[in-house]
Amino acid sequence: MTAPGEEQAVSSGFVRSYVITGGRGLPDAQDLSLVTLVTIAPDRQPPPNPSPEVRAIWELCSGGYLSVAEVAGHLGQPVGVARLLLNDLAEQGHLMRRKAPPAAQLVDRKILEEVLHGLHVRFG
Amino acid sequence: MALEVSLMTFAQGPLLWALVVVALIAVGAVLRARKTNIGLRRQNAELHQQRDMLQRQRDELHVAHTGLTHQHSAELAEVRRDAEEETKAVLKAAVRTLQGLADEQQVVIENAQKKYGDDPGMLADLMAIDHANSQFGRRAQGIAVLCGGWLGRRETVASVFDVARSAQGRIRQFDRVRVNGQVNFSVVSKAVEPVAVVLAELLANATNYSAPGAPVEINIQAVPTGVCLIVDDAGLGMGQEEKDRAAALLAPQAAISVSSLGIPPQFGFAVSGVLAARYGFKVSVDSVSPYGGVRAVVLLPDELLTGDVPSPPPVAAGHYDAEVAALPRRQAPAPSPTPLFPPVGQPAVAPQPTGPIATTAGGLPKRRRKSPVSVVPSAEPGPVRSNEETASRLGAFQRGTRSGRDMTTTEGPEFQ
């Protein structure tokens, strides 16, 4: 019999991600992109018997907009898992989404410099 | 006169002599017979003596034989025990390596899931690998337990609900399992893995011995002496013989022989029995589920439970997707808005407020609705200003960014 002291520590995660998703298909990445901002709609009650992850999302997102990537980071779960749970909340009408501001295209450096200069003049 | 004459005649006659001769012969025969008889008796007595002696010898030999047989069987048992122990030691050492590798692989898969989690196809594949690896790990743990080895130690407590879900993840048909009921108890760290493994074995039995597709339920219930994890399946149930075998394995009287588990080996109850005895909880499978199948009950006593809340999952620590890591993390209660122009050479990060960090019930940092600006990129040391001037300028900037992030605004492509 091995002495208890010999016991090796287990470092892997405890609850597997496919259990959290219930083995369901994962939603498309287009729907809730990494930078989509989400928040819990005001005056909403959490669903009955939420899983610990849904509860954590509820607590995280009740305060204001948070990006999907951040939600996943705080949950310690892959983005796809967070996306599925957020999708569920969205389908139940609990979630407000806001698309990330579109990335500036063909930014005119000159304009930016002018703006910067203007700011310097005004505040600097 | 006539008689006398006849007697005389008779005495002198041949008949008389014949009679005399016969009588003599008879006497001789009798004497010889007597002698023979005496001889035979003596011989008989000797034979009796010999027989008794031989019987004594036989008894002695019998005793010796019994002794030898006992010794032999004892030695045989000892040899068997030795062989079993040696086999177990070899298996244990071999499986220990496998356990370590399975755990290592699990961590690699987890990191990959976080890294490529944005791609649903990739994540689904990684989940499938993860699932196979979890089952592999459970098998290795089962063999280790039967060989007297250990499962591996968890460092933190886990909620009973999470223990049930962890067990769920270790069986093939995990999607048939439903976990119902949550209690405000956690399992102490040393018992986290054992309880999860036992529950997984019970779930594996429940899913294997019931119709494919039929749901299997785990119900978590607080009872006066602890917490019960009840596994109900909708299978055919067990016969008395199977129940007896299960009961014997679940309350093991002696070390379980690896060779007695059959081919393919039936680990479940043997592993459960060993772990239950080692960690002091109870497993029974002798009742009938409401669906007519088996009801398996794991009773965790108060000693293995704690009211502590599991610590939140370790965020980051190198497990981060590069993309996610590049985004500002919000560990502190005052999260900083995403800087549009991240300061390159000179990170001018404002000191984070040092007040008490508000956390949620789950131990996560609570996000505040209105966040102060914490990143003020300044290209060069600006001219000396008064504090009030600085404050008003910062305030103006803060108001601007705040209104930009305000969730109540109706501008922008917002939808619900």
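Helix α5 of chain A, residues 109-123, has 15 residues and reaches 21 Å from its first C-alpha to its last, close to the 21 Å expected at 1.5 Å a residue. The expected span is 1.5 Å times one less than the number of residues in the helix. Helices here are DSSP runs of H or I with at least four residues, strands are DSSP runs of E with at least two, and both are numbered from the N terminus. Please note that this is a predicted model, in which local features need pLDDT of at least 70 and side-chain atom pairs count only at pLDDT 80 or more, while totals for chains, interfaces and linings use all residues. Residues are numbered from 1 along each chain as its sequence is written, and chains are lettered from A and ligands numbered from 1 in the order in which they are written.

Is this helix buried or exposed to the open? Of the 15 residues of α5(A), the number buried is zero, so the helix lies largely in the open. A residue is buried if 20 or more other C-beta atoms lie within 10 Å of its own, exposed if 12 or fewer, and partly exposed in between, with C-beta atoms placed from the backbone.

Let us turn to the rest of chain A. Its secondary structure comes to five helices and three strands, and along the sequence the pattern is α-β-α-β-α-α-β-α. Chain A has 124 residues, of which 43% count as buried. Among its contacts with a separation of 6 or more, 68% are made by residues 24 or more positions apart. Two residues are in contact if their C-beta atoms, placed from the backbone, lie within 7 Å.

Strand β1(A), residues 37-40, takes part in two pairings. With strand β2(A), residues 66-67, the pairing is antiparallel over two bridges, and there L37(A) has S67(A) as its bridge partner. With strand β3(A), residues 95-98, the pairing is also antiparallel, over four bridges, and V38(A) has R97(A) as its bridge partner. Two strands pair if DSSP finds at least two bridges between them. As background, strands of a sheet pair through backbone hydrogen bonds, either parallel or antiparallel.

Which way do the residues of β1(A) point? L37(A) and T39(A) point one way and V38(A) and I40(A) the other, and all are buried. In a regular strand the side chains alternate between the two faces of the sheet.

The loop between β1 and α2 of chain A holds D43(A), and N49(A) is found in that loop between β1 and α2 as well. D43(A) has a positive phi of about 55° although it is not a glycine, and phi of N49(A) is near 45°, again a positive value in a residue other than glycine. Most residues other than glycine have a negative phi. D43(A) is exposed, with 5 other C-beta atoms within 10 Å; N49(A) is exposed, with 10.

The axes of helix α2(A), residues 52-61, and helix α4(A), residues 79-91, come within 11 Å and cross at roughly 70°. Axes are lines fitted to C-alpha atoms, for helices over the stretch in contact, and angles run from 0 to 180 degrees between N-to-C directions. The two helices α2(A) and α4(A) are therefore roughly perpendicular to each other. Angles under 35 degrees count as roughly parallel, over 145 as roughly antiparallel, 65 to 115 as roughly perpendicular and the rest as oblique. The contact involves E53(A), V54(A) and I57(A) of α2(A), and L85(A), L86(A) and L89(A) of α4(A).

We now move to chain B, with nine helices and nine strands. Of its 416 residues, 30% count as buried.

How is helix α4(B) placed, enclosed or in the open? Nine of the nine residues of α4(B), residues 160-168, are buried, so this helix is largely enclosed by the rest of the structure. Among them are F161(B), D162(B) and R165(B).

Helix α5(B), residues 189-208, and helix α7(B), residues 268-279, pack at an angle of about 155°, with their axes 9 Å apart. They are therefore roughly antiparallel to each other. The contact residues include V197(B) and L202(B) of α5(B), and V271(B) and L275(B) of α7(B).

Finally, chain B has an open sheet of three strands in the order β1-β3-β8, with antiparallel pairing. Its edge strands are β1(B), 158-159, and β8(B), 305-306, each pairing on one side only. Strand β3(B), residues 186-187, pairs with β8(B) in the antiparallel sense over two bridges, and V187(B) has L305(B) as its bridge partner in β8(B).
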